[in-house]
Amino acid sequence: MLPLIDPFGRTVDYLRISVTDRCDFRCVYCMSENMTFLPKSEVLSLEEIDRIATAFVRRGTRKLRLTGGEPLVRRGVVDLIARLSRHVASGDLDEITLTTNGSQLRKFASDLFAAGVRRINVSLDTLDPAKFAKITRWGRLEQVLDGIAAAKEAGLHVKINMVALKGLNDDEIDTMLAWTAANGHDLVLIETMPLGAIDEDRADRYLPLKAVRRDLETRHTLIDLIDQTGGPARYVRIVETGQRLGFITPLTHNFCEGCNRVRLTATGQLFLCLGQDDAADLRAVLRATEDNGILDAALDEAISRKPKGHDFVIDRTARAPAVARHMSVTGG
Ligand code: SAM
Ligand code: SF4
C-alpha cells in the first residue's frame, strides 16, 4: 500500500493517539480545574482505536504513541498495547510508546514492558513537592517519582518532559539535569503552548527556551547534535556531563518543516496539526462501514489537508489561545 504523503511532500509515519481526555491531574498550563469530560459514548472503543491504528500501519506508520489526558487511567489500555504489538512483532511497526504523568506507573510498568513497550515519556516539571502540587493541582510528587523508579526497574527507558514555566521551575533546570543524569533518563524541555482555556494567563508563564539555553551556556558547554530523532526536539550534548538535552520550541523556532505526525483524539477526530483546527472525523467513517477500503480513502483525504504548519504566538495582545481545544484533547 502507498505511504501517506502530504501536499508538502512530508511522509506521515507517526500517529499519536489520545486514548482518553480524562486525567487524574489538573496541570495549570494544560487544564482548568473544572473540566467537563466527554461522555463514554463519544469515545472510541479500544477495538475502534485498534482498527484506526492498524489502518495507519498498513499505510506505512512506523511509530505509535499513546497519550491523553492520562493514558494509564483508560481501562484496558495495556491490553490495547499488547494487541497493537502484533504490528511490532511482524516488523510493520518500529515501536509503541506512551506519554504519561507517571502517577500509575508503579501499577502498570511491568505490564507495559510485557505488552511490548520499551520507552516512555514521563512529564515532570519539578522535583519540589510543593511546586509539584501547585503545578499539577492534584498530583503527588512522591507517587510519580516512585512510578518512574518502577518504570526503570521494569526495563523501560524513560525520557523526562519538563515544560519550562517562568517563575515556577526556571530555577530548577540544573537540578533536573543533575537528577536525570544520575538516574539515566533523557531530559527534554518544552515551551508552553497556547492550547485551550486555562485559569491563568499563559503570557505570565511563557519562558522562551532561547533564554534558557543562553543561561545554561553561562555554566555549561552545549554542542548541537545533528543526530535528530525525527521529532520536534532539537538536541544538544552537555560536554561536562556527556548528557543529551532536548528543546521543543514551538514558539521560538518553528519545527513544522519536518513534521511527520498526525493526532487522533479520543473521539476519533484526526488532527493534521497540533496548532490548527482542521480535523477529519474518522469515527463517523468507522461507525458507518466495516469496509477498510473506505477508511483508507478517508486517511488519504485527511492527509491531503495537512497544513504547512502552525502559527503559535503568546503575547499580551493575543489573549485567546491559538486553538480552543486543550492539549489533553488532541494529545500532547
Ligand atoms: N497526561 C500525560 C502527561 O502529562 O504526560 C499525557 C498527556 S499531556 C497533554 C502531554 C504533554 O503535554 C505533557 O508533557 C504536558 O506537560 C504537555 N502539555 C500540556 N499542555 C501543554 C501546553 N499548553 N503547552 C506545552 N505543553 C503542554
Ligand atoms: Fe493531565 Fe498530562 Fe494535562 Fe497534566 S499535562 S493535566 S497530567 S493531561
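A residue is counted as buried when its relative accessible area is under 20%. By this criterion, 56% of the 332 residues of the protein are buried in the model, which is a predicted one. The accessible surface amounts to about 14,000 Å². Carbon and sulfur atoms account for 54% of that surface.

The protein contains 11 helices and 12 strands. Its radius of gyration is 19 Å, close to the 20 Å given by the globule rule for 332 residues, and the protein is therefore as compact as a globular protein of that length. Along the principal axes, the C-alpha atoms occupy a box of roughly 60 × 45 × 40 Å. Of the contacts between residues at least 6 apart in sequence, 73% connect residues at least 24 apart.

One strand pairing was examined in detail. Strand β1 comprises residues 14-18 and runs parallel to β2, to which 5 bridges join it. Within this pair, Leu 15 is placed opposite Leu 64 of β2. Strand β2 itself spans residues 63-67. Because 4 of its 5 residues are buried, strand β2 is largely enclosed by the rest of the structure.

Key:
Residues are numbered from 1 along each chain as its sequence is written. Chains are lettered from A and ligands numbered from 1 in the order in which they are written. This is a predicted model: local features need pLDDT of at least 70, side-chain atom pairs count only at pLDDT 80 or more; totals for chains, interfaces and linings use all residues. Side-chain values use heavy atoms; hydrogens and water are left out. Helices (H or I, at least four residues) and strands (E, at least two) are DSSP runs, numbered from the N terminus. The radius of gyration is taken over C-alpha atoms; the globule rule is 2.2 Å times the number of residues to the power 0.38. Buried means under 20% relative accessible area, exposed over 50%, partly exposed in between (1.4 Å probe, protein chains only). Contact means heavy atoms within 4.5 Å. Accessible areas come from the Shrake-Rupley method with a 1.4 Å probe; for residues, only the protein chains shown count as cover. Two strands pair if DSSP finds at least two bridges between them.
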